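Here are a few notes to read alongside the model. Have the viewer open as you go through the points.

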Amino acid sequence: MTTAVLAPPAASAAGSAAGPDGVQRGLDALVRSDGLPAALASVEDREGRTRTYTAGVGDLATGSRVPVDGQVRIGSNTKVFTAVVALQLVGEGRLDLDASVDTYLPGLLRGEGIDGRGITVRRLLQHTSGLPDYGDLVGDDMLRRRSFDPRELLDLALRRTADFAPGTKWQYSNTNYVVVGLIIQEVTGRPLAQEIEERVIRRIGLRHTYFPDPGDTTLREPHPEGYERDPAGAPVREVTEIDPSAGWAAGQLISTDSDLDRFFGALLAGRLLPAAQLAQMRTTVPIGDSGAGYGLGIVSRPLSCGGVYWGHGGDIPGYETRGGATDDGRAAHVTVTAIPADPAVTARLEDVVDTALCRG
């Protein structure tokens with residue numbers, strides 16, 4: 001595959017006359033110093049004013065500019081949409097957070113150390129179920145070649161033993177959200193994609209967000225190409241067109257940074273969930289010693305200027321997105337067009353989010 005030398009940052013839609021602001025400088029550094037092909041961001045202030053930013057190039061083969069607020073694959077940010085639907089069903093009295101998986105799908109979860117009779121919906125949403133992850137069993141070549149049914153994803157996970165007894169630890173697993181998606185379909189009698197579309201996307205007017213069909217490897221609107229360098233030091237290769245069905249309830253959605261700002265802002269403002277369910281969603285368990293906490297599909301992270309912001313984040317081949325919103329109406333999301341191999345780069349990406357919410 002043809003590659004090109006990384007170009008200087010394309011442009012910002014928000015730099016001041018005195019020079020680029022902190023967000024732009026952060027994106028520039030992710031491209032120039034950390035070698036990412038492109039970075040883009042959307043920042044919304046308390047008054048609802050939105051600024052967008054870009055750096056790098058949108059296509060290494062052609063050198064084209066990064067589309068402002070371009071569509072990207074948002075990976076595990078999808079989990080928050082899935083969790084919102086589940087919690088709406090809780091508010092409607094159709095789903096019980098403390099009921100077992102077997103209440104809705106008897107016999108679905110059986111394996112070595114795995115028994116759906118002891119795993120509750122709450123534990124699935126909060127990643128305290130002990131279910132092993134399937135994600136590393138789905139290689140990039142598989143994502144280019146084939147579609148997955150959710151039951152196939154679950155079968156991959158159930159080849160493994162339980163990571164721990166339910167409720168005894170926290171450990172992130174995409175398998176949890178595959179099971180939540182199957183429960184939603186069982187309770188509603190409708191496809192998960194339709195529930196997310198009607199209950200979330202249309203409800204708050206997300207114009208650039210959609211749940212692509214299995215086998216649809218494209219992005220509908222202008223977008224930067226996604227890339228991968230694996231192993232470290234190997235030539236960059238373009239991986240934009242993949243089948244997203246391996247993500248399903250855990251990672252299938254396509255969106256934009258500004259739509260994610262709108263989504264998290266609406267969620268925290270109570271436009272998607274009743275107060276009781278939003279409070280449940282925001283009840284967290286610690287994520288190690290990071291200072292972050294995981295609720296029911298949402299993450300709280302501390303801000304350098306005090307307080308926290310609520311979001312999630314998502315990685316999928318070609319794209320990594322970080323961001324969230326605050327209770328007082330600020331929101332920011334940043335996407336880069338390759339998953340950083342070095343955790344320090346992801347930390348710098350999250351620093352840009354902090355800059356956007358505290359000083360941007």
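**Notes on the predicted model**

1. Let's start with Cys 358, which comes out as partly exposed, at 22% relative accessibility. Keep in mind that this is a predicted model. Cys 358 sits in helix α12, which covers residues 343-358.

2. What does Cys 358 touch, once neighbours within four places in sequence are left aside? Its contacts are Leu 303, Ser 304, Cys 305 and Arg 330. Thr 283 is another residue to look at: from Cys 358 to Thr 283 is 75 residues along the sequence and 24 Å through space, C-alpha to C-alpha.

3. On to charge pairs. Side chains of opposite charge can pair when their charged atoms come close. Searching the whole structure turns up 23 salt bridges, and the next points go through a few of them.

4. One of the salt bridges links Arg 49 and Asp 45, with 2.9 Å between the closest N and O atoms. Are the two partners buried or exposed? Arg 49 is exposed, because its relative accessible area of 53% is over the 50% cut-off. Asp 45 is buried, since its 18% falls under 20%.

5. Arg 122 and Asp 98 also form a salt bridge, and here the closest N and O atoms are 2.9 Å apart. Arg 122 belongs to helix α4 (residues 121-126), while Asp 98 is in the loop between α2 (78-91) and α3 (101-104), so this pair ties together parts that are 24 residues apart in sequence. Arg 122 counts as partly exposed, with a relative accessibility of 22%.

6. Glu 320 pairs with Arg 322 in a salt bridge whose closest N and O atoms are 3.9 Å apart. Both Glu 320 and Arg 322 are buried.

7. Sorted by class, the lining of the second largest pocket holds 5 nonpolar, 6 polar and 6 charged residues.

Conventions
Residues are numbered from 1 along each chain as its sequence is written. This is a predicted model: local features need pLDDT of at least 70, side-chain atom pairs count only at pLDDT 80 or more; totals for chains, interfaces and linings use all residues. Side-chain values use heavy atoms; hydrogens and water are left out. A salt bridge is a side-chain nitrogen of Lys or Arg within 4 Å of a carboxyl oxygen of Asp or Glu. Buried means under 20% relative accessible area, exposed over 50%, partly exposed in between (1.4 Å probe, protein chains only). Helices (H or I, at least four residues) and strands (E, at least two) are DSSP runs, numbered from the N terminus. Contact means heavy atoms within 4.5 Å. Ala, Val, Leu, Ile, Met, Phe, Trp, Tyr, Cys and Pro count as nonpolar, Asp, Glu, Lys and Arg as charged, and the others, Gly among them, as polar.
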